[in-house]
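Work through these exercises with the model open beside you. Each task is followed by a worked solution.

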Amino acid sequence: MTRLPRPSLRSQRRLTGAMQVLLVGIVAYGFLAGEQKAISNGIIGFLVTLIPAASEHRYDLPLDPWLALWITSAVFLHTVGSAGFYARIEWWDHVTHSLSASVVAAAGYTALRGVDLHSDGIRIPSRFAFIFIVVVVLAFGVLWELFEFGLDIIATETGIDMPLAQHGLEDTISDLTYNTVGAVLVGLFGQAHLSGLAERVRDQLLARTQG
């Protein structure tokens, strides 16, 4: 099977830095244009892009360059979408939901696999891991839609423009569908690529238990 070329750490940092600069630009645009969604989503997105570096310095969990770029790309595309692409490009929302769901799936699998490797009394078959990934993403997706529904209620009652909003039942079902697509892709193809990160999580659990 043909493997994707692995980016160097320098290339990953350059791409991440470029996206961070654009996120700052979106925040600046939000202030100039009075677009509250661009401001809030841009700031949140920028903070999320700092997670890979923080995990390395704070918890000694250096991420593979692909994984760090994966996380950064997910929040970047969502922020760009909130700045106008969601309304202009019909399929943009589908891409961002699939990509964001794949990040949630990766986090869920990494935690599960880390526990599996850490405990000799626990053995988690790959088939169960696949089901676990899908269930975690579906549950997270439902909670997210409820969160957006709550923001809609607050926006209606207060008149405040919220950074997130729902656009009807059809949009909600579409979001959950593409969330599932992202989860299935990680379940089918992502487990092998996440094994190294899971082993580092196991090592951290061992170090903390023994310490």
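**Exercise 1. Fold pattern**

What pattern does the protein chain follow, read along the sequence?

*Solution.* Start with the source: this is a predicted model. Next, count the elements. The protein chain has 7 helices and 0 strands. Read along the sequence, the pattern is α-α-α-α-α-α-α. Then look at the contacts with a separation of 6 or more: residues 24 or more positions apart account for 70% of them.

**Exercise 2. Confidence**

Find which element of the protein chain has the lowest mean pLDDT and which has the highest.

*Solution.* Take the whole chain to begin with. Its mean pLDDT is 77, and 75% of its residues reach 70 or more. Now go element by element. Helix α3 (residues 51-59) has the lowest mean, 71. Helix α1 (residues 9-33) has the highest, 85. Keep one caution in mind: where pLDDT is low, the predicted coordinates should not be read in detail.

**Exercise 3. Burial and surface**

Determine what share of the 211 residues is buried, then classify T16.

*Solution.* Buried residues make up 37% of the 211 residues in the protein chain. The accessible surface comes to about 12700 Å², and carbon and sulfur atoms hold 66% of that. Now T16, which lies in helix α1. Its relative accessibility is 7%. The cut-off for buried is under 20%, so T16 counts as buried. Set aside its neighbours within four places in sequence. T16 is then in contact with L69 and T72.

**Exercise 4. Helix α6**

Compare the span of helix α6 with the expected value, and list its buried residues.

*Solution.* Helix α6 covers residues 126-158, which is 33 residues. From first C-alpha to last it reaches 48 Å. The buried residues in α6 are A129, I133, V134, V137, G141, E145, E148 and L151. For the spacing, recall that an α-helix has 3.6 residues a turn, so residues three or four places apart point the same way. Finally, check what follows the helix. G159 comes after α6 and has a positive phi, near 80°.

**Exercise 5. A surface patch**

Which residues form a nonpolar patch on the surface, and how is V181 exposed?

*Solution.* The patch consists of V181, L185, L188 and F189. Together they have about 390 Å² of accessible area. V181 is found in helix α7 (residues 169-210). Its relative accessible area is 35%.

Methods. Residues are numbered from 1 along each chain as its sequence is written. This is a predicted model: local features need pLDDT of at least 70, side-chain atom pairs count only at pLDDT 80 or more; totals for chains, interfaces and linings use all residues. Side-chain values use heavy atoms; hydrogens and water are left out. Patches are made of residues with over 30% relative accessible area and no salt bridge: like charges are joined within 9 Å, nonpolar side chains (Val, Leu, Ile, Met, Phe, Trp, Tyr) within 5 Å. Accessible areas come from the Shrake-Rupley method with a 1.4 Å probe; for residues, only the protein chains shown count as cover. A salt bridge is a side-chain nitrogen of Lys or Arg within 4 Å of a carboxyl oxygen of Asp or Glu. Helices (H or I, at least four residues) and strands (E, at least two) are DSSP runs, numbered from the N terminus. Buried means under 20% relative accessible area, exposed over 50%, partly exposed in between (1.4 Å probe, protein chains only). pLDDT is the predictor's confidence in each residue, from 0 to 100. Contact means heavy atoms within 4.5 Å. The expected span of a helix is 1.5 Å times one less than its number of residues.
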